Amino acid sequence: MATHLVWLRNDLRITDNKALHAACSDSNAKVLAVFIASPAQWAKHDMAPRQAAFIYQNLLQVQRDLAALGIELICHQVGDFAESVTWLADFCRRQRVTSLYYNRQYEVNERLRDDLLENVLGADVARYAFDDALLLPPGSVLTGSGEMFKVYTPFRNAFIRRLATSDVGSLPAPRSRGAAIDVEKPAPFDYPSADVDAAYPAGEAAALRRLTAFCRERVADYAAKRDLPAVDGTSGLSPYLAVGVLSPRQCFNRLRIEYPDVLESVNSGAFCWLNELIWREFYRHLIVAFPLLCKHRPFIGWTDGVPWRSNEQALLAWQTGATGYPIVDAAMRQLNSTGWIHNRLRMICASFLVKDLLIDWRIGERYFMQQLLDGDLAANNGGWQWAASTGTDAAPYFRIFNPTLQGKRFDPRGEFIRRWLPELAGVPGDAVHQPYVWAQKQGERLDYPLPIVEHGRARTETLAAFEAARRLRQH
Ligand SMILES: Cc1cc2nc3c(=O)[nH]c(=O)nc-3n(C[C@H](O)[C@H](O)[C@H](O)COP(=O)(O)OP(=O)(O)OC[C@H]3O[C@@H](n4cnc5c(N)ncnc54)[C@H](O)[C@@H]3O)c2cc1C
C-alpha cells in the first residue's frame, strides 16, 4: 500500500491546505502527517518566543483535527534545518513513505532546505510541492517584459487582472480516513515559554470565526478606521496568516461571499482590505525575485552608505517605550506586551528609529521579529525597508514622519496613548501629544521622559546623512 506523508510547515490547518488535500485524494493510501520544530533555526530567524508558543498551540489543535479524520500527526524536534532534512529522510525510510507532500515556503533558507531534501531523498520518494501560501504564486505576476514589478500600484493592477481569471477557490478539509486515533501530546518545543495574548485563541475555527465576523460586520468601515489605533478597525488576522492557520484564499473567498463585486468596487472598504492582502503578496513575490532581501540587504544599494549611529541608550528608549514621544512609546509598549500593533504604528515606530534616531533599520527589523506574534520575514522586511526608504516602492528618503503630528492625526483624543501610558492619564485632551509642554505650563511634574531627540533637528541631520550617502554613490 502506498504511504503518503504530509509535511506541515507554515500551513497549520486542515481546510484549504493544498498538500494535505492532494495527499488525501488517494483513498487507498495510508496518510501520515509530520511537523518538525527547529528551534535553533527559528532562533537564527529571530522568531519571537510568543510566535513559537502560538505555533505550538495551533499544532496541538491540528493534531486533534487530523486525529478526528484518522490521520496521525507526528511532531518531532530537531536543531536546525539541516537536521530536519536528515531526520525526515530517515523517517521516510522507516515508514516506507512513497510520496511526500508539502506546501512551498519562499524564504531563502527554507528553499535551500527543500533543495537539500530533494538530493537526500533521491528517487525513492515522489515529491509533490504546492503553491499554497499566496493567492497567486511568485513569478506569476510580471511586467510586460517579464520582470518582477518594483513598484506596488502597477503590481496590484496586474495582480487584480490575473486574480479575476484565476481559480482561487478554497478546498474543503479532507474526508475522514477511518476511525479516529488517539492523540499523544507532541513533545514541547525547547523554547522559552511565552504567553500568547488571549485575543488570539489557537485553531482555524477561531481564525475563521474572526474572518467571517470581520467581513460581515467591519470591513465596510475598514478604509475609514484602519489607521486609528484606538479603534478595532482592522481584522487582526495577521498572526493566523503568518503561521498558516488561515489561508489568503479563505480571506479572499469570504470577502467575495460578502462583497461579490469587490474587484470592481475600488472605493469600498472591502477593496481597501483586499489591497492589504495584495501588499502581503507583493512582499513575498519580491523576496523570490530578489532573494538578497531575505539576507537583509537594502534594495537601494547606496543606502548602505548612510552613516547609521550606534546609540545604545536611544535604542533602549525606543525598545522600552521611553522616547518622550507618546505615540511611539504607547505603540512600543503595546508591541512588547501583546506582540501586535497596528500598521500605522509600525510605520511610525520604524520611521522614528530610522529617521529620528538614525539607527540602522535592520536593528529595528530584528527587534520587531523578536516581539511580533505575526512575524513574517517578507512583510516585516518590506515594511522596514519602506519606512527606512531603502526598499522597492519605498517612501522617498526626504519624506519623514513627524511623530507628534502623526499622533495628533491618528489618535486625536489620545485614547490609545492613555491606554498604554497610564502615567499620562491626567494630561487633558490633545495636550497628551506633547505632555512636557503641558507640564511646564501647569508647573506639574510627570513621571514621563522628555523627548530624547528634537524632531526638527533630527530631520535635518537625517536628510543630510541620506543626501551624503546618495552623493557618495554618484561619485
Ligand atoms: C515596519 C513594519 C513591519 C511589519 N511587519 C509585519 C510582520 O512581521 N508580519 C505581518 O504580517 N505584517 C507586518 N507588517 C504589515 C502590517 O502592519 C500587518 O500585516 C498588519 O498591521 C496586521 O494587522 P491586521 O491583521 O489587522 O491587518 P489588516 O489591516 O486586517 O490586513 C489584512 C492582512 O493583510 C496583510 N497585510 C496588511 N497590511 C500589510 C502590509 N503593509 N504589508 C504586508 N502585509 C500586510 C496581513 O497579512 C494582514 O493580516 C509590517 C508593517 C510595517 C510597516
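Is D393 buried, partly exposed or exposed? D393 counts as partly exposed, because its relative accessibility is 24%. Here buried means under 20% relative accessible area, exposed means over 50%, and partly exposed lies in between (1.4 Å probe, protein chains only). This is a predicted model: local features need pLDDT of at least 70, side-chain atom pairs count only at pLDDT 80 or more, and totals for chains, interfaces and linings use all residues. Residues are numbered from 1 along each chain as its sequence is written, and side-chain values use heavy atoms, with hydrogens and water left out.

**The annotated domain**

- An unreviewed UniProt entry carries the annotation "domain: Photolyase/cryptochrome alpha/beta" for residues 2-135.
- UniProt positions follow the numbering used here, feature names are shortened, and annotations may be inferred rather than shown by experiment.
- Over residues 2-135 the chain is 46% helix and 22% strand.
- The end C-alpha atoms of that stretch are 31 Å apart.
- Helices (H or I, at least four residues) and strands (E, at least two) are DSSP runs, numbered from the N terminus.

- S38 sits in the loop between strand 2 (30-37) and helix 2 (39-44).
- S38 counts as buried because its relative accessibility is 2%.
- Setting aside residues up to four places away in sequence, S38 touches V78, G79, D80 and F81; contact means heavy atoms within 4.5 Å.
- Helix 3 (residues 49-68) has 20 residues and reaches 29 Å from its first C-alpha to its last.
- That reach is close to the 28 Å expected at 1.5 Å a residue; the expected span is 1.5 Å times one less than the number of residues.
- Helix 3 is mostly covered, with 14 of its 20 residues buried.
- Just after helix 3, G70 takes a positive phi of about 85°.
- E83 belongs to helix 4 (residues 81-94).
- E83 counts as partly exposed because its relative accessibility is 42%.
- E83 and P229 are 146 residues apart along the chain, and their C-alpha atoms are separated by 42 Å.

- D195 lies in the loop between helix 6 (152-164) and helix 7.
- D195 counts as exposed because its relative accessibility is 71%.
- D195 and Q51 are 144 residues apart along the chain, yet their C-alpha atoms are separated by 9.4 Å.
- The axes of helix 7 (residues 204-218) and helix 10 (residues 248-258) come within 9 Å and cross at roughly 35°.
- Helix 7 supplies L208, L211, T212, C215 and R216 to the contact, while helix 10 supplies Q250, C251, R254, L255 and E258.
- By class, the contact of helix 7 with helix 10 has five nonpolar, two polar and three charged residues.
- Ala, Val, Leu, Ile, Met, Phe, Trp, Tyr, Cys and Pro count as nonpolar, Asp, Glu, Lys and Arg as charged, and the others, Gly among them, as polar.
- Axes are lines fitted to C-alpha atoms, for helices over the stretch in contact, and angles run from 0 to 180 degrees between N-to-C directions.

**Two buried glutamines**

- Q319 is part of helix 12 (residues 312-320).
- Q319 is buried, because its relative accessible area is 17%.
- Not counting residues up to four places away in sequence, Q319 touches M332, N336 and Y367.
- Q319 and W384 are 65 residues apart along the chain, with their C-alpha atoms separated by 15 Å.
- Q334 is in helix 13 (residues 326-338).
- Q334 counts as buried because its relative accessibility is 12%.
- Leaving aside neighbours within four places in sequence, Q334 contacts G339, W340, I341, L345, F416 and W420.

- Helix 14 (residues 343-356) has 14 residues and reaches 19 Å from its first C-alpha to its last, close to the 20 Å expected at 1.5 Å a residue.
- Helix 14 is mostly covered, as 13 of its 14 residues are buried.
- Phi of L358 is near 55°, a positive value in a residue other than glycine.
- L358 counts as buried because its relative accessibility is 3%.
- D393 lies in the loop between helix 16 (377-388) and helix 17 (403-410).
- Phi of D393 is near 50°, again a positive value in a residue other than glycine.
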